[in-house]
Amino acid sequence: MSTARNWTFVYEGFEPEDEKHREALCTLGNGYFSTRGALPGAHADEVHYPGTYRAGLYDRQTTTIEGTAVENESLVNLPNWLWLTLGIEDGDALDPRSMAVLEYTQTLDLRQGILTRNMLLRDGEGRESRLTERRLVSMASPHLAALELTVTPVNWSGELEIRSGLDGRVENSLVARYRDLESRHLEPVLTEQVDPETVMLVARTIQSRISIAEAARTQCFEGERRLDGERSLEQEDDRIAERAVVDVREGVAYRVEKVASLFTSQDRAISESAYEAPRFLVGVGGFEEILAAHVLAWKHVWERCEIEVEGREGTTRVVRLYTFHLLQTVSTHTTEMDVGVPARGWTGEAYRGHVFWDELFIFPTLVFRFPEATRALLMYRHRRLPEARRAAREAGYRGAMFPWQSGSNGEEETQRLHLNPSSGRWHPDNSRRQRHVNAAIPYNVWLYHQATGDREFFDTYGAELILETARFWASIAEYDATRDRYGIHGVLGPDEFHDGYPDADEPGLSNNAYTNVMAVWTLCRGLDALEALPEQRRHELQEEMSLDRAELDRWAEISKRMFVPFHDDGIISQFEGWEELEELDWAHYRKEYGDIHRLDRILKAEGDTPNRYKACKQADALMLLFLLSAGELVALFDRLGYAWDPEVIPKMVEHYLHRTSHGSTLSAVVHSWVLARRDREGSWRFFHRAVESDVHDVQGGTTPEGIHLGAMAGTVDLLQRGYAGLELRGDVLHVNPSLPAELTCVALKLEYRNVWMKIDVTRERLTVTGLPGHDGSVEVACGDQRGVLGPGATLEFDL
Ligand code: BGC
């Protein structure tokens with residue numbers, strides 16, 4: 001199983017039209033910074049986009065659109081350290097775009113985090129050159145990256161020109177839809193030659209005034225011998241490059257090593273970024289030495305993330321690719337940083353590096369492998385509690401109202417207007433009304449607490465996040481005397497196609513079932529959290545929040561009397577009024593447009609609106625089945641005084657399934673999940689879709705703008721919680737597998753409450769092995785069978 005093939009992605013041939021897609025998938029990163037897999041020497045154009053991003057480094061700019069000033073905060077594309085070109089004498093650079101490409105193979109090695117490119121190129125005069133590139137962004141040392149180009153003149157001898165530099169002439173121009181918006185975020189500060197082989201570039205973000213320093217050292221070798229050649233410098237205020245000309249001979253391999261460092265004024269334990277960047281390189285060895293430490297760090301990362309499936313060729317490989325991207329976005333370095341987890345990883349500029357509710361899909365995979373990084377991501381939210389309290393206050397609510405899109409300081413970053421590429425028109429964007437993100441955050445706190453048992457976090461930070469969001473839900477809920485129930489109005493559910501009622505003047509929906517039920521869930525957890533706190537802390541928090549008995553009684557009251565809409569046949573209705581909407585002629589739109597993922601854009605371009613139809617972008621009401629077990633839902637409905645029969649679930653899944661365009665990659669994950677136990681074939685189809693989503697860019701052009709981290713991590717989670725059937729209930733780890741026909745085995749390693757274990761699922765048997773090296777034990781259950789798992793113990797359950 002663990003063959004090299006399962007650890008590599010190989011692309012044969014240079015394909016300009018697929019280049020940006022490959023660049024996103026071949027992004028290398030270490031949680032601190034990342035660089036897309038662009039050709040060295042490429043500049044941003046129709047084919048390439050060599051983006052470099054430092055996690056959580058944003059800048060805010062204003063643009064006037066149709067008379068309205070719109071402000072957007074964006075993850076900033078940083079100066080390009082990949083700038084390295086080789087050229088034959090005074091001829092062209094060795095570049096697949098201007099030469100005949102005789103061979104071209106690009107390989108992403110997931111196990112070692114290395115991107116390799118092999119090319120054989122021929123210029124107009126018949127001179128052939130073999131080029132091998134190896135690249136890494138060090139997992140061992142967060143500020144470090146390295147690039148090695150080996151060139152062998154196949155049938156010529158002469159002069160080789162090497163140009164290596166740092167290019168600060170970059171903008172945020174990857175996403176075509178954003179190009180009318182201000183895309184400049186950097187201003188030059190200085191360029192400098194540090195020593196004969198090292199240059200430095202310093203820039204600053206225009207609004208957030210973060211200073212960024214990159215230094216790069218370039219050396220050329222023939223075997224072990226250093227070649228100095230004839231050197232010169234090209235220096236401007238926003239870019240700097242060294243040029244060296246060396247004599248090369250036919251058949252001899254010459255190696256150019258470029259080692260780069262990146263520091264910013266956001267970093268910890270530094271004096272000043274321009275002081276650190278060149279200083280750091282002084283102690284850094286050559287490519288091989290950097291590589292060895294990097295490979296070791298990846299080995300340790302993968303040791304925590306073993307996951308393999310048998311039965312369907314290629315699945316393990318994609319699952320590893322998706323895990324790889326998760327680990328490059330959130331790594332052990334994240335624990336030292338103040339960052340959230342962005343929906344698109346640090347791989348592109350779509351959604352501007354913002355943090356959404358997608359955490360909900362990412363944390364389950366992360367928490368069982370990197371609990372401390374998960375904790376750091378929750379701390380990102382906790383630090384932004386004051387901003388969330390302020391947002392609630394300004395909107396007339398109490399508690400904490402976290403933004404739908406979050407960036408630097410936790411204020412609402414959702415754009416006010418968005419461009420419909422199908423029509424070229426700008427529309428108001430009401431997606432900020434997705435208040436349900438305030439259920440995702442407490443849900444994640446609870447998950448983290450259950451999975452780790454980290455009391456210190458819960459008592460000091462976690463409980464407060466739950467209580468403040470519970471308070472928000474209690475304040476947004478309005479009492480309706482005619483129903484004698486509470487309702488929540490003016491919101492959007494996860495399905496972004498519906499941002500209001502047809503012909504209504506005001507945006508927003510009433511009583512989105514997912515929102516209302518998760519609000520109740522949060523209120524219940526608020527009450528539980530208070531109970532669970534040690535006396536001293538409970539007292540402190542209650543005093544600090546002025547949280548008295550009367551308020552808690554109100555929480556309890558709302559949690560018993562929240563309104564939830566149902567259809568006559570018992571199906572949970574997506575929102576109040578859903579049933580009155582028109583049916584869409586799906587066949588017509590499929591025939592007319594082919595790809596109807598983004599039906600909203602199509603309808604709006606036709607002058608229509610999805611608000612009129614029973615048509616969802618993504619799972620909405622079904623999210624309830626994704627987050628809560630049938631048992632939990634029954635208990636919640638029971639509490640609410642609704643007689644809800646879980647027998648209705650298949651009908652409910654059918655109802656929404658036939659009315660969803662899956663315009664978000666998250667949708668396939670949820671649908672695979674909800675079908676996992678009732679329709680294994682259907683579940684597999686959606687699992688497969690999730691597997692395909694980024695490798696094949698199923699949404700036609702979105703992956704080049706950044707991978708979809710929620711769907712990626714969600715795919716891994718489908719294996720562990722969906723198919724292996726992992727479930728946290730109280731203090732017991734339940735494992736109830738249900739493998740689809742296509743899989744014969746799922747094997748994974750995880751940590752639950754400080755106990756590392758291996759879980760092997762086949763059709764007949766579940767084996768759980770406690771790994772040595774820890775003390776303590778946990779209880780594991782499979783159906784009615786139970787056992788205690790300690791170090792070195794093995795539990796076997798017949799299935
Ligand atoms: C989805 C959201 C998601 C966001 C970022 C949108 O297309 O509708 O649910 O949070 O993308 O991934």
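This briefing walks through a few charged residues, their surroundings and their contacts. The model is predicted: local features need pLDDT of at least 70, side-chain atom pairs count only at pLDDT 80 or more, and totals for chains, interfaces and linings use all residues. Residues are numbered from 1 along each chain as its sequence is written, and side-chain values use heavy atoms, with hydrogens and water left out.

- Asp90 sits in the loop between strand 7 (84-88) and strand 8 (100-109); strands here are DSSP E runs of at least two residues and helices are H or I runs of at least four, numbered from the N terminus.
- With a relative accessible area of 79%, Asp90 is exposed (exposed is over 50%, buried under 20%, partly exposed in between, with a 1.4 Å probe and protein chains only).
- Together with Glu159, Glu230 and Asp247, Asp90 forms a negative surface patch (residues with over 30% relative accessible area and no salt bridge, like charges joined within 9 Å; a salt bridge is a side-chain nitrogen of Lys or Arg within 4 Å of a carboxyl oxygen of Asp or Glu).

**Glu303 in helix 3**

- Helix 3 (residues 287-304) contains Glu303, which is partly exposed at 33% relative accessibility.
- From Glu303 to Arg97 the C-alpha distance is 40 Å, with 206 residues separating them in sequence.

**Arg537 in helix 11**

- Arg537 belongs to helix 11 (residues 535-545) and is buried, at 15% relative accessibility.
- Its side chain makes a polar contact of 3.1 Å with that of Glu540.

Notes. Patch = residues over 30% accessible without salt bridge, like charges linked within 9 Å, V, L, I, M, F, W, Y side chains within 5 Å. Areas by Shrake-Rupley, 256 points an atom, 1.4 Å probe, with all protein chains shown as cover. Lys, Arg positive; Asp, Glu negative; His and termini not counted. Charge placed at Lys NZ, Arg CZ, Asp CG, Glu CD. Polar contact = N/O pair within 3.5 Å; in protein donor to acceptor, adjacent residues only side chain to side chain.
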